[in-house]
Amino acid sequence: MQQVTGMKGKQGKSGRVAPAAEDELLELVIAALEDLKGVDVRVIDVRDLTSITDRMVVASGTSTRHVKALAENVELKAKQHGYTPLGIEGEQTAEWVLLDLGDVVVHVMLPETRSFYGLEKLWSVGGRDSDAD
């Protein structure tokens, strides 16, 4: 996993975080996923590809319960640090839960769902996946 340095700052009303806080938010998301043993956590830098977010974090859970627990932990840790999710989708079925934190969008998926949709391949144009092997 590529390491980033933390910087202070919080979300504005638009949901976008100050550039100085973006690394802090990314570190927080990664730590929350790793706390509950998220599988194959990847960070994709999409700043030059879209205006909807700056980074996407993709992780797998081993079951729907694990996917839901990972997503809930990310949500809890984000709220504890002043980052309110703009939206959360997929909690009911928990095959793919998406958390929109503004400049960081988190996708937690079952391995089969992750393989089927191939988000890393879709968004990692020209080898931009920051955790590429």
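Author: A nonpolar core is a set of buried Ala, Val, Leu, Ile, Met, Phe, Trp, Tyr and Cys residues joined through side-chain atoms within 4.5 Å. Buried means under 20% relative accessible area, exposed means over 50%, and partly exposed lies in between (1.4 Å probe, protein chains only). Please note that this is a predicted model, in which local features need pLDDT of at least 70 and side-chain atom pairs count only at pLDDT 80 or more, while totals for chains, interfaces and linings use all residues. Residues are numbered from 1 along each chain as its sequence is written, and side-chain values use heavy atoms, with hydrogens and water left out.

Reader: Which residues touch the most other members of the largest nonpolar core?

Author: That core holds 25 residues, and those touching the most other members are Val29, Leu33, Val57, Val74, Leu101, Val104 and Val106. Two or more residues come from each of helix H1 (19-35), strand S1 (39-45), strand S2 (55-60), helix H2 (64-80), strand S4 and strand S5 (104-109). Helices (H or I, at least four residues) and strands (E, at least two) are DSSP runs, numbered from the N terminus. H1 gives the most to this core, with 7 residues. Another core, of 8 residues, lies apart from it, and includes Val58, Val105, Met109 and Leu119.

Reader: What does valine 74 touch?

Author: Contact means heavy atoms within 4.5 Å. Leaving aside residues up to four places away in sequence, valine 74 touches Val29, Ala32, Leu33, Leu99, Leu101 and Val106.

Reader: How many salt bridges does the structure hold?

Author: A salt bridge is a side-chain nitrogen of Lys or Arg within 4 Å of a carboxyl oxygen of Asp or Glu. The structure holds 6 of them. In one, arginine 55 pairs with aspartate 23, with the closest N and O atoms 3.3 Å apart. Arginine 55 lies in strand S2 and aspartate 23 in helix H1, so this pair ties together parts that are 32 residues apart in sequence. Both arginine 55 and aspartate 23 are buried.

Reader: Where do aspartate 40 and arginine 114 lie?

Author: Aspartate 40 is in strand S1 and arginine 114 in helix H3, 74 residues apart, and the pair links distant parts of the chain. Their side chains meet in a salt bridge at 3.5 Å, N to O. Aspartate 40 is partly exposed at 38%, whereas arginine 114 is buried at 5%. Asp40, Arg42, Arg114 and Glu120 are linked in a network of salt bridges.

Reader: What separates lysine 79 and glutamate 75 in helix H2?

Author: They are 4 residues apart, which means about one helical turn. Their side chains form a salt bridge at 3.1 Å, N to O. Lysine 79 is partly exposed, at 48%, while glutamate 75 is buried, at 17%.

Reader: How many aromatic pairs are there?

Author: Rings of Phe, Tyr and Trp (its six-membered ring) pair if their centres lie within 6.5 Å; planes under 30 degrees apart count as stacked, over 60 as edge-to-face and the rest as tilted. By this rule there are 2 aromatic pairs. The rings of tryptophan 96 and tyrosine 117 have centres 4.9 Å apart and planes at 55°, so they are tilted. Tryptophan 96 lies in strand S4 (residues 96-100) and tyrosine 117 in helix H3 (residues 111-117), so the pair ties together parts 21 residues apart in sequence. The rings of phenylalanine 116 and tyrosine 117 also have centres 4.9 Å apart, but with planes at 85°, so that pair is edge-to-face.
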